[in-house]
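Subject: Structure handover

Hello,

Here is the structure for your files. My notes follow below it.

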Amino acid sequence: MALVGIAKLAAEGPLLEAKRRVQYFEIAARSILNRTKPNMPFQWTINPYRGCEFGCKYCYARYTHEFMEMAPAEFEDKIYAKTAAALLLRQELRKVAPTEHIALGTATDPYQPAERRFGRTRSILEVFARERGRFLGITTKSDLVVRDLDLLREIARRNVLSVNMTITTLDEKLARLLEPRAPRPALRLEAVEKLSSAGIVTAVFPNPIMPGITDSERSLDRLAKEARNRGAQSFGGGPLFLMPSAQAVFLPFLEEHFPELAAGYRERFERSAYLDRAYKDELRTRIHRIRERYGLASGPIDYRPELWAAEEQPTLFEM
Ligand code: SF4
């Protein structure tokens, strides 16, 4: 079958490096700012990469590789760096109204290993450092974010900035299983501390919260307490959501590592990508109680990834 659109571009992109089984490519994007659906806490998203080497087993963003006719597992093996990201951003910021919020890192981690080589996230921050009055939120699982402390401080002087660190668990072994190539939770907490000490507003996100794995009051409480102790101001939290492309990786993972949970998950998620209302309500109450205990605000971003980044696709297809 002949490849078209972004699948063709992906196949033709020059292979820049092979490291372990991960391959890095560059891909031309026509646009870097993507509009979200209405009624979201942010109106625009920026994803400097396509794919994410951290390879979280629950990752919802695997669907972005389906558009390139790739298997869900290739999401973590084939990483695409978008070219001319800063140039595009400078041009496109004109269409962002002063009150609109921009989220960086909704379908990829902006500080995954590729960032050390390509520096696309840093180039984007250099643009924001010259702006004023913008609302920017950065979400990551990587302590590499502290590399950009100089720019983050500069941005925070004249804009409203928050850095959201995702930490699903403090259990190092569990984190290694769930997020095989992401920095250890301890490193992420250290990054939160460095950022908050430098005056950057930080949040800790335990997303996605996974039933029977990371959703216990004890586990979330420990996490919130650490977040508070390291200077985070808010603690967001939302339940797991599994589209078919994410199920293809997560359900076999459960069968291997959590066989006692696998049948229940399969039964729940084959009915719907979302957990039921009763579970969500209970979780919301639990998170609220924990936040109150530690004086943390609610997260600046609702965990609704199904609404975040889908509109990126048409832009790239138009290339
Ligand atoms: S860090 Fe985020 S984008 Fe990357 S694999 Fe994990 S969940 Fe997906």
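Is Asn39 buried or exposed? Asn39 is exposed, with a relative accessible area of 80%; buried stands for under 20%, exposed for over 50% and partly exposed for the range in between, with a 1.4 Å probe and protein chains only.

Before the rest, the conventions. This is a predicted model, in which local features need pLDDT of at least 70 and side-chain atom pairs count only at pLDDT 80 or more, while totals for chains, interfaces and linings use all residues. Residues are numbered from 1 along each chain as its sequence is written, and side-chain values use heavy atoms, with hydrogens and water left out.

Backbone

Asn39 is in the loop between strand E3 (33–35) and strand E4 (44–46); helices (H or I, at least four residues) and strands (E, at least two) are DSSP runs, numbered from the N terminus. The phi of Asn39 is near 65 degrees, positive in a residue other than glycine. Ala84 also has a positive phi, near 55 degrees. Ala84 belongs to the loop between strand E6 (78–83) and helix H3 (85–92) and is partly exposed at 40% relative accessible area. Most residues other than glycine have a negative phi, and most peptide bonds are trans. The bond from Asn207 to Pro208 is cis, with omega near -10 degrees. Pro208 lies in the loop between strand E10 (201–205) and helix H9 (217–229).

Another proline, Pro113, is in the loop between strand E7 (101–104) and H4. Pro113 is partly exposed, at 25% relative accessible area. Its C-alpha atom is 7.1 Å from that of Glu53, 60 residues away along the chain.

Aromatic rings

Rings of Phe, Tyr and Trp (its six-membered ring) pair if their centres lie within 6.5 Å; planes under 30 degrees apart count as stacked, over 60 as edge-to-face and the rest as tilted. The count by this rule is eight aromatic pairs. One of them is Tyr24 with Phe118, edge-to-face at 6.2 Å centre to centre and 65 degrees between the planes. This pair links distant parts of the chain, 94 residues apart: Tyr24 is in strand E2 (residues 22–28) and Phe118 in helix H4 (residues 114–118). Tyr24 is buried at 3% relative accessibility, and Phe118 is buried at 12%.

Phe250 and Phe253 form a tilted pair, 5.7 Å centre to centre with 35 degrees between the planes. Both are buried, and both lie in helix H10 (residues 244–257), three residues apart, about one turn of the helix. Ring pairs join Phe250, Phe253, Phe258, Tyr265 and Phe269 into a cluster.

The charged end of Arg268 sits over the ring of Tyr279, 5.5 Å from its centre (the rule is NZ of Lys or CZ of Arg within 6 Å of the ring centre and within 35 degrees of the ring normal).

Helix H5

Helix H5 (residues 120–128) is mostly covered, with seven of its nine residues buried. These are Arg120, Thr121, Ser123, Ile124, Leu125, Val127 and Phe128.

Ligand

Around the ligand (a heavy atom within 4 Å) are Cys52, Phe54, Gly55, Cys56, Tyr58, Cys59, Phe75, Thr108, Asp109 and Lys141. By class, this shell has six nonpolar, two polar and two charged residues; Ala, Val, Leu, Ile, Met, Phe, Trp, Tyr, Cys and Pro count as nonpolar, Asp, Glu, Lys and Arg as charged, and the others, Gly among them, as polar.

Regards
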